[in-house]
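Here's a quick briefing to read alongside the structure. Take a look at the fold first, then work through the points below.

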Amino acid sequence: MAIRPLSFFRLSRTYTSLTSPSTSIATDAIPPPPTLPGLSPTQPRTVKSPYTRKTQLFRIYLSLLRSTPLMVFFQHNNLRAVEWIAIRRELLFGLRKIDPTSTLPELTRITVLKPAIFATSFRALEGYDWQHKRSSEPGGSKIIAKETETLKETHPLSPVLTGPIAALSFPSVEPTHLKAALDILFPLKNPRKGLDPLAVSGLQKFVMLAGWVDGHVYGGRNGEGRVMDVDLIRVLALLPDVNTLHGELLAMLRGAGGADLIMNLSNAGVGLTRTVDTYRKMLGGELDSDGKPVEANAGGEEEKKG
Amino acid sequence: MITKYLTTVSVAFNPFSKAGRTARIFMALLGPYTRETMKIKTTVLNRDSEVGGRVEVRFKDGKEFQMDTSKMTIADIVEEVDRHSRSLKRADDLSG
(Lines give C-alpha, C1' and ligand atoms only; values in the text may rest on other atoms or scores of the structure.)
Protein backbone atom coordinates (compact mmCIF):
# COMPACT_ATOMS: atom_id res chain seq x y z
CA MET A 1 0.00 0.00 0.00
CA ALA A 2 2.96 2.29 0.50
CA ILE A 3 3.92 2.21 -3.15
CA ARG A 4 0.57 3.13 -4.66
CA PRO A 5 0.22 6.70 -3.36
CA LEU A 6 3.84 7.36 -4.30
CA SER A 7 3.30 6.34 -7.88
CA PHE A 8 0.06 8.28 -7.88
CA PHE A 9 1.91 11.45 -6.91
CA ARG A 10 4.43 10.79 -9.60
CA LEU A 11 1.66 10.61 -12.17
CA SER A 12 0.04 13.81 -10.99
CA ARG A 13 3.28 15.73 -11.40
CA THR A 14 4.00 14.75 -14.98
CA TYR A 15 1.41 17.01 -16.65
CA THR A 16 0.37 14.48 -19.20
CA SER A 17 -2.87 13.02 -20.37
CA LEU A 18 -1.24 10.80 -22.94
CA THR A 19 -0.55 7.74 -20.85
CA SER A 20 -3.16 5.62 -19.19
CA PRO A 21 -2.86 5.37 -15.40
CA SER A 22 -2.62 1.58 -15.30
CA THR A 23 0.54 1.36 -17.44
CA SER A 24 2.23 4.18 -15.56
CA ILE A 25 1.66 2.55 -12.22
CA ALA A 26 2.92 -0.78 -13.48
CA THR A 27 6.20 0.50 -14.94
CA ASP A 28 8.44 3.33 -13.87
CA ALA A 29 9.97 3.81 -17.32
CA ILE A 30 8.72 6.92 -19.16
CA PRO A 31 7.44 6.06 -22.65
CA PRO A 32 8.98 7.85 -25.65
CA PRO A 33 7.52 11.22 -26.72
CA PRO A 34 4.52 11.01 -29.04
CA THR A 35 5.23 11.57 -32.72
CA LEU A 36 2.02 13.54 -33.28
CA PRO A 37 1.20 12.69 -36.92
CA GLY A 38 -0.95 15.10 -38.90
CA LEU A 39 -0.75 17.87 -36.35
CA SER A 40 -2.44 21.23 -36.89
CA PRO A 41 -0.29 24.24 -37.84
CA THR A 42 -0.71 25.83 -34.42
CA GLN A 43 0.31 22.66 -32.62
CA PRO A 44 4.06 22.76 -32.06
CA ARG A 45 6.09 19.59 -32.46
CA THR A 46 7.62 18.11 -29.39
CA VAL A 47 11.38 18.37 -29.47
CA LYS A 48 12.08 17.90 -25.79
CA SER A 49 10.29 15.50 -23.52
CA PRO A 50 6.66 16.60 -23.06
CA TYR A 51 6.62 15.43 -19.45
CA THR A 52 8.11 18.54 -17.90
CA ARG A 53 6.27 21.72 -17.02
CA LYS A 54 8.76 23.84 -18.97
CA THR A 55 8.07 21.95 -22.20
CA GLN A 56 4.34 22.19 -21.70
CA LEU A 57 4.52 25.92 -21.05
CA PHE A 58 6.74 26.38 -24.10
CA ARG A 59 4.24 24.50 -26.27
CA ILE A 60 1.27 26.38 -24.81
CA TYR A 61 2.92 29.74 -25.43
CA LEU A 62 4.01 28.82 -28.96
CA SER A 63 0.52 27.61 -29.77
CA LEU A 64 -0.94 30.80 -28.29
CA LEU A 65 1.44 32.94 -30.36
CA ARG A 66 0.68 31.08 -33.56
CA SER A 67 -3.07 31.40 -33.15
CA THR A 68 -3.15 35.03 -31.99
CA PRO A 69 -2.88 37.94 -34.42
CA LEU A 70 -2.93 40.66 -31.77
CA MET A 71 -1.50 40.73 -28.26
CA VAL A 72 -1.23 43.43 -25.62
CA PHE A 73 1.42 42.95 -22.93
CA PHE A 74 0.99 44.47 -19.51
CA GLN A 75 2.55 44.33 -16.08
CA HIS A 76 0.49 43.09 -13.14
CA ASN A 77 1.65 44.12 -9.68
CA ASN A 78 0.52 41.76 -6.92
CA LEU A 79 -3.14 41.31 -7.75
CA ARG A 80 -5.26 39.26 -5.39
CA ALA A 81 -7.07 36.22 -6.75
CA VAL A 82 -10.50 37.83 -6.33
CA GLU A 83 -9.32 40.84 -8.31
CA TRP A 84 -8.19 38.65 -11.20
CA ILE A 85 -11.56 36.91 -11.23
CA ALA A 86 -13.46 40.20 -11.16
CA ILE A 87 -11.35 41.66 -13.98
CA ARG A 88 -11.75 38.62 -16.21
CA ARG A 89 -15.49 38.66 -15.64
CA GLU A 90 -15.79 42.38 -16.40
CA LEU A 91 -13.77 41.92 -19.61
CA LEU A 92 -15.98 39.06 -20.77
CA PHE A 93 -19.22 40.89 -20.02
CA GLY A 94 -17.93 44.14 -21.50
CA LEU A 95 -17.01 42.45 -24.80
CA ARG A 96 -20.30 40.56 -24.93
CA LYS A 97 -22.17 43.85 -24.90
CA ILE A 98 -20.75 44.77 -28.33
CA ASP A 99 -22.14 41.76 -30.15
CA PRO A 100 -23.95 39.11 -28.08
CA THR A 101 -23.85 36.51 -30.90
CA SER A 102 -20.10 36.63 -31.55
CA THR A 103 -17.60 34.13 -30.14
CA LEU A 104 -14.89 36.77 -29.79
CA PRO A 105 -15.45 37.52 -26.07
CA GLU A 106 -14.79 33.91 -25.00
CA LEU A 107 -11.62 33.75 -27.10
CA THR A 108 -10.22 37.04 -25.81
CA ARG A 109 -8.09 35.91 -22.90
CA ILE A 110 -5.77 37.20 -20.26
CA THR A 111 -2.80 34.86 -19.78
CA VAL A 112 -0.30 35.32 -16.99
CA LEU A 113 3.10 34.55 -18.48
CA LYS A 114 6.37 33.14 -17.27
CA PRO A 115 8.54 35.74 -18.94
CA ALA A 116 11.67 33.69 -19.66
CA ILE A 117 9.86 30.74 -21.23
CA PHE A 118 7.53 33.02 -23.12
CA ALA A 119 10.51 34.96 -24.47
CA THR A 120 12.06 31.70 -25.68
CA SER A 121 8.93 30.62 -27.52
CA PHE A 122 8.55 34.12 -28.92
CA ARG A 123 12.08 33.96 -30.31
CA ALA A 124 11.36 30.55 -31.81
CA LEU A 125 8.34 32.02 -33.57
CA GLU A 126 9.92 35.24 -34.79
CA GLY A 127 13.41 33.98 -35.53
CA TYR A 128 12.93 30.42 -36.64
CA ASP A 129 10.51 30.38 -39.50
CA TRP A 130 8.57 27.16 -38.95
CA GLN A 131 6.84 27.43 -42.30
CA HIS A 132 10.04 26.61 -44.10
CA LYS A 133 11.99 24.63 -41.54
CA ARG A 134 10.56 22.10 -39.15
CA SER A 135 12.84 20.42 -36.73
CA SER A 136 11.62 17.56 -34.64
CA GLU A 137 14.78 15.49 -34.60
CA PRO A 138 16.79 15.21 -31.37
CA GLY A 139 18.79 18.37 -30.82
CA GLY A 140 16.33 20.49 -32.78
CA SER A 141 15.83 22.79 -29.83
CA LYS A 142 19.56 23.51 -29.79
CA ILE A 143 19.44 24.51 -33.45
CA ILE A 144 16.55 26.86 -32.75
CA ALA A 145 18.33 28.33 -29.72
CA LYS A 146 21.48 28.98 -31.75
CA GLU A 147 19.64 30.60 -34.65
CA THR A 148 17.55 32.87 -32.46
CA GLU A 149 20.32 33.88 -30.04
CA THR A 150 20.75 37.32 -31.66
CA LEU A 151 17.08 38.21 -31.13
CA LYS A 152 17.77 38.47 -27.40
CA GLU A 153 19.62 41.71 -28.11
CA THR A 154 17.95 42.93 -31.26
CA HIS A 155 14.24 42.25 -30.89
CA PRO A 156 12.38 45.32 -29.57
CA LEU A 157 10.07 43.19 -27.44
CA SER A 158 12.79 41.35 -25.52
CA PRO A 159 13.30 44.06 -22.83
CA VAL A 160 9.52 44.09 -22.29
CA LEU A 161 9.41 40.39 -21.47
CA THR A 162 10.83 40.62 -17.95
CA GLY A 163 9.19 40.85 -14.54
CA PRO A 164 5.56 40.04 -13.80
CA ILE A 165 3.86 40.28 -17.18
CA ALA A 166 0.61 39.05 -18.65
CA ALA A 167 -0.81 39.08 -22.15
CA LEU A 168 -4.24 40.00 -23.44
CA SER A 169 -4.73 37.99 -26.63
CA PHE A 170 -7.36 38.53 -29.31
CA PRO A 171 -8.50 35.90 -31.83
CA SER A 172 -8.67 38.50 -34.62
CA VAL A 173 -7.74 42.14 -35.17
CA GLU A 174 -11.00 43.97 -34.51
CA PRO A 175 -10.46 47.61 -33.50
CA THR A 176 -13.90 47.87 -31.90
CA HIS A 177 -13.16 44.95 -29.59
CA LEU A 178 -9.69 46.24 -28.87
CA LYS A 179 -11.14 49.62 -27.94
CA ALA A 180 -13.73 48.05 -25.64
CA ALA A 181 -11.06 45.93 -23.94
CA LEU A 182 -8.72 48.91 -23.51
CA ASP A 183 -11.55 51.02 -22.05
CA ILE A 184 -12.16 48.36 -19.44
CA LEU A 185 -8.61 47.28 -18.61
CA PHE A 186 -6.50 50.38 -19.26
CA PRO A 187 -8.77 53.43 -18.98
CA LEU A 188 -7.10 56.76 -19.79
CA LYS A 189 -8.63 58.61 -16.82
CA ASN A 190 -11.16 57.10 -14.44
CA PRO A 191 -12.28 53.49 -14.66
CA ARG A 192 -15.62 52.87 -16.34
CA LYS A 193 -18.64 53.46 -14.13
CA GLY A 194 -20.44 50.42 -12.80
CA LEU A 195 -17.39 48.16 -12.59
CA ASP A 196 -17.01 45.75 -9.72
CA PRO A 197 -15.03 47.54 -6.94
CA LEU A 198 -12.66 44.56 -6.80
CA ALA A 199 -11.98 44.96 -10.51
CA VAL A 200 -11.35 48.68 -10.02
CA SER A 201 -8.78 48.04 -7.29
CA GLY A 202 -7.15 45.43 -9.52
CA LEU A 203 -7.00 47.74 -12.53
CA GLN A 204 -4.87 50.20 -10.55
CA LYS A 205 -2.16 47.55 -10.52
CA PHE A 206 -2.09 47.11 -14.29
CA VAL A 207 0.43 48.93 -16.45
CA MET A 208 0.15 48.55 -20.20
CA LEU A 209 3.58 48.07 -21.76
CA ALA A 210 3.50 47.08 -25.41
CA GLY A 211 1.53 45.43 -28.16
CA TRP A 212 2.38 43.01 -30.93
CA VAL A 213 0.70 42.33 -34.26
CA ASP A 214 1.39 38.91 -35.71
CA GLY A 215 3.51 38.56 -38.85
CA HIS A 216 0.68 37.03 -40.85
CA VAL A 217 -1.39 40.15 -40.35
CA TYR A 218 1.41 42.66 -40.73
CA GLY A 219 3.90 41.15 -43.16
CA GLY A 220 2.25 38.02 -44.54
CA ARG A 221 4.36 35.46 -42.69
CA ASN A 222 5.91 34.72 -39.32
CA GLY A 223 8.93 36.70 -38.26
CA GLU A 224 7.57 39.98 -39.58
CA GLY A 225 5.40 40.95 -36.62
CA ARG A 226 5.09 44.58 -35.65
CA VAL A 227 5.78 45.78 -32.10
CA MET A 228 3.67 48.70 -30.94
CA ASP A 229 4.09 51.08 -28.05
CA VAL A 230 1.20 52.28 -25.90
CA ASP A 231 0.26 55.23 -28.13
CA LEU A 232 0.20 53.09 -31.24
CA ILE A 233 -2.12 50.56 -29.61
CA ARG A 234 -4.57 53.34 -28.78
CA VAL A 235 -4.36 54.60 -32.38
CA LEU A 236 -5.09 51.08 -33.66
CA ALA A 237 -8.14 50.92 -31.39
CA LEU A 238 -9.53 54.08 -32.98
CA LEU A 239 -9.41 52.73 -36.56
CA PRO A 240 -12.67 51.74 -38.22
CA ASP A 241 -13.14 48.06 -39.03
CA VAL A 242 -11.82 46.35 -42.17
CA ASN A 243 -15.05 46.53 -44.20
CA THR A 244 -15.34 50.28 -43.70
CA LEU A 245 -11.71 50.74 -44.77
CA HIS A 246 -12.29 48.62 -47.92
CA GLY A 247 -15.30 50.78 -48.77
CA GLU A 248 -13.31 53.97 -48.27
CA LEU A 249 -10.52 52.74 -50.52
CA LEU A 250 -12.99 51.82 -53.28
CA ALA A 251 -14.72 55.17 -53.06
CA MET A 252 -11.37 56.95 -53.22
CA LEU A 253 -10.28 55.02 -56.31
CA ARG A 254 -13.58 55.68 -58.02
CA GLY A 255 -13.72 59.36 -57.14
CA ALA A 256 -10.15 60.59 -57.56
CA GLY A 257 -9.33 59.76 -61.17
CA GLY A 258 -9.86 56.03 -60.83
CA ALA A 259 -11.16 55.78 -64.40
CA ASP A 260 -8.07 57.59 -65.78
CA LEU A 261 -5.81 55.29 -63.81
CA ILE A 262 -7.45 52.18 -65.23
CA MET A 263 -7.28 53.62 -68.78
CA ASN A 264 -3.57 54.45 -68.45
CA LEU A 265 -2.81 51.03 -67.02
CA SER A 266 -4.75 49.22 -69.77
CA ASN A 267 -3.20 51.39 -72.57
CA ALA A 268 0.21 49.87 -72.05
CA GLY A 269 -1.27 46.38 -72.21
CA VAL A 270 -3.24 47.04 -75.38
CA GLY A 271 -0.20 48.58 -77.11
CA LEU A 272 1.98 45.61 -76.17
CA THR A 273 -0.62 43.15 -77.42
CA ARG A 274 -0.81 44.92 -80.79
CA THR A 275 2.99 44.98 -81.23
CA VAL A 276 3.39 41.34 -80.34
CA ASP A 277 0.52 40.40 -82.63
CA THR A 278 2.15 42.26 -85.55
CA TYR A 279 5.47 40.45 -84.99
CA ARG A 280 3.65 37.15 -84.81
CA LYS A 281 2.01 37.82 -88.15
CA MET A 282 5.37 38.86 -89.70
CA LEU A 283 7.06 35.69 -88.53
CA GLY A 284 4.12 33.62 -89.64
CA GLY A 285 4.42 35.08 -93.15
CA GLU A 286 1.11 36.93 -93.14
CA LEU A 287 2.86 40.35 -93.25
CA ASP A 288 6.13 41.52 -94.87
CA SER A 289 8.83 43.50 -93.05
CA ASP A 290 7.03 46.83 -93.69
CA GLY A 291 3.87 45.56 -92.11
CA LYS A 292 1.91 45.38 -95.38
CA PRO A 293 -0.15 42.35 -96.28
CA VAL A 294 1.83 39.69 -98.23
CA GLU A 295 -1.07 38.54 -100.46
CA ALA A 296 -0.75 41.46 -102.95
CA ASN A 297 3.00 40.84 -103.69
CA ALA A 298 2.54 37.11 -103.97
CA GLY A 299 -0.30 37.65 -106.44
CA GLY A 300 1.91 40.02 -108.53
CA GLU A 301 4.71 37.44 -108.77
CA GLU A 302 2.31 34.78 -109.88
CA GLU A 303 1.04 37.09 -112.62
CA LYS A 304 4.62 37.72 -113.86
CA LYS A 305 5.32 34.00 -114.01
CA GLY A 306 2.07 33.40 -115.77
CA MET B 1 11.36 45.87 1.65
CA ILE B 2 9.73 47.98 4.39
CA THR B 3 6.80 49.81 2.83
CA LYS B 4 5.10 50.87 6.04
CA TYR B 5 6.67 54.35 6.15
CA LEU B 6 6.13 55.33 2.52
CA THR B 7 3.38 57.78 1.62
CA THR B 8 3.96 58.48 -2.05
CA VAL B 9 5.75 56.49 -4.73
CA SER B 10 5.99 57.57 -8.32
CA VAL B 11 7.64 55.40 -10.91
CA ALA B 12 8.43 56.25 -14.51
CA PHE B 13 10.04 53.84 -16.92
CA ASN B 14 10.59 53.08 -20.57
CA PRO B 15 9.36 49.54 -21.27
CA PHE B 16 11.43 49.21 -24.44
CA SER B 17 14.74 49.79 -22.69
CA LYS B 18 16.72 47.41 -20.51
CA ALA B 19 17.39 50.31 -18.14
CA GLY B 20 13.68 50.45 -17.29
CA ARG B 21 13.69 47.00 -15.83
CA THR B 22 14.69 47.88 -12.26
CA ALA B 23 11.93 50.46 -11.91
CA ARG B 24 9.39 47.90 -13.08
CA ILE B 25 10.54 45.33 -10.57
CA PHE B 26 10.38 47.98 -7.84
CA MET B 27 6.66 48.37 -8.59
CA ALA B 28 6.20 44.65 -8.18
CA LEU B 29 7.70 44.81 -4.69
CA LEU B 30 4.84 46.93 -3.38
CA GLY B 31 2.35 44.52 -1.87
CA PRO B 32 -1.30 43.93 -2.79
CA TYR B 33 -2.70 46.15 -0.04
CA THR B 34 -0.19 49.04 -0.21
CA ARG B 35 -2.53 51.18 -2.31
CA GLU B 36 -4.71 51.65 0.75
CA THR B 37 -1.89 53.35 2.66
CA MET B 38 0.08 55.21 -0.01
CA LYS B 39 -0.30 56.96 -3.34
CA ILE B 40 1.30 55.15 -6.25
CA LYS B 41 1.76 56.86 -9.58
CA THR B 42 3.12 55.11 -12.65
CA THR B 43 4.15 56.73 -15.91
CA VAL B 44 5.05 54.82 -19.04
CA LEU B 45 7.66 56.86 -20.86
CA ASN B 46 8.00 57.28 -24.59
CA ARG B 47 9.61 54.49 -26.59
CA ASP B 48 12.66 56.59 -27.52
CA SER B 49 12.99 58.43 -24.23
CA GLU B 50 16.51 58.94 -22.85
CA VAL B 51 15.55 58.09 -19.27
CA GLY B 52 15.39 54.37 -18.62
CA GLY B 53 13.72 54.47 -15.23
CA ARG B 54 13.06 56.89 -12.41
CA VAL B 55 11.74 56.26 -8.90
CA GLU B 56 10.58 58.98 -6.47
CA VAL B 57 9.77 58.10 -2.88
CA ARG B 58 8.31 60.21 -0.07
CA PHE B 59 8.33 59.06 3.56
CA LYS B 60 5.96 59.77 6.44
CA ASP B 61 8.36 62.25 8.02
CA GLY B 62 8.39 64.31 4.81
CA LYS B 63 11.75 63.20 3.49
CA GLU B 64 11.77 62.47 -0.20
CA PHE B 65 14.37 61.35 -2.66
CA GLN B 66 14.67 60.65 -6.35
CA MET B 67 16.65 57.89 -7.99
CA ASP B 68 17.63 57.36 -11.57
CA THR B 69 17.43 53.60 -11.69
CA SER B 70 18.94 53.13 -15.14
CA LYS B 71 22.18 51.75 -13.75
CA MET B 72 20.97 50.49 -10.38
CA THR B 73 19.94 46.98 -9.48
CA ILE B 74 16.80 46.25 -7.50
CA ALA B 75 18.92 45.41 -4.44
CA ASP B 76 20.43 48.92 -4.58
CA ILE B 77 17.02 50.61 -4.49
CA VAL B 78 15.79 48.40 -1.66
CA GLU B 79 18.90 49.25 0.33
CA GLU B 80 18.44 53.00 -0.24
CA VAL B 81 14.76 52.94 0.73
CA ASP B 82 15.21 50.63 3.71
CA ARG B 83 18.03 52.69 5.17
CA HIS B 84 15.66 55.56 5.96
CA SER B 85 12.72 53.26 6.77
CA ARG B 86 14.80 51.51 9.44
CA SER B 87 15.63 54.76 11.19
CA LEU B 88 11.92 55.67 11.19
CA LYS B 89 11.12 52.24 12.53
CA ARG B 90 13.66 52.62 15.32
CA ALA B 91 12.15 55.97 16.35
CA ASP B 92 8.73 54.37 16.19
CA ASP B 93 9.79 51.49 18.41
CA LEU B 94 11.46 53.73 20.99
CA SER B 95 8.45 56.01 21.30
CA GLY B 96 6.38 52.88 21.91
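One term to settle before we start: two strands count as paired if DSSP finds at least two bridges between them. Keep in mind that this is a predicted model. With that in hand, the sheet in chain A reads as 5 strands in the order 2-3-1-4-5, and that sheet is open.

**Chain A overall**
- The chain runs to 306 residues, and 24% of them count as buried.
- Looking at contacts in chain A with a separation of 6 or more, 68% are between residues 24 or more positions apart.

**The sheet**
- Strands of a sheet pair through backbone hydrogen bonds, either parallel or antiparallel.
- Here in chain A, the pairing is antiparallel.
- Strand 2 (109-112) and strand 5 (226-228) of chain A are the edge strands, each pairing on one side only.
- From one strand to the next, the twist averages 25°.

**Strands 4 and 5 up close**
- Strand 4 of chain A pairs with strand 5 of chain A over 3 bridges, in the antiparallel sense.
- Which residue does Val213(A) stand opposite in strand 5 of chain A? That would be Arg226(A).

**Where chain A meets chain B**
- Chain A puts 18 residues into the contact, and chain B puts in 16.
- Strand 4 (residues 206-213) of chain A supplies the largest share of chain A's side, with 4 residues.
- Sorted by class, chain A's side of the contact with chain B has 10 nonpolar, 6 polar and 2 charged residues.

Technical notes: Residues numbered from 1 in each chain as written. Chains lettered and ligands numbered in written order. Predicted model: local features only at pLDDT ≥ 70, side-chain atom pairs only at ≥ 80, totals over all residues. Buried ≥ 20, exposed ≤ 12 C-beta atoms within 10 Å, placed from the backbone. Contact = placed C-beta atoms within 7 Å. Helix = DSSP H or I, 4+ residues; strand = E, 2+ residues; numbered from the N terminus. Nonpolar A, V, L, I, M, F, W, Y, C, P; charged D, E, K, R; others polar. Axes fitted to C-alpha atoms, helices over the stretch in contact; angles between N-to-C directions.
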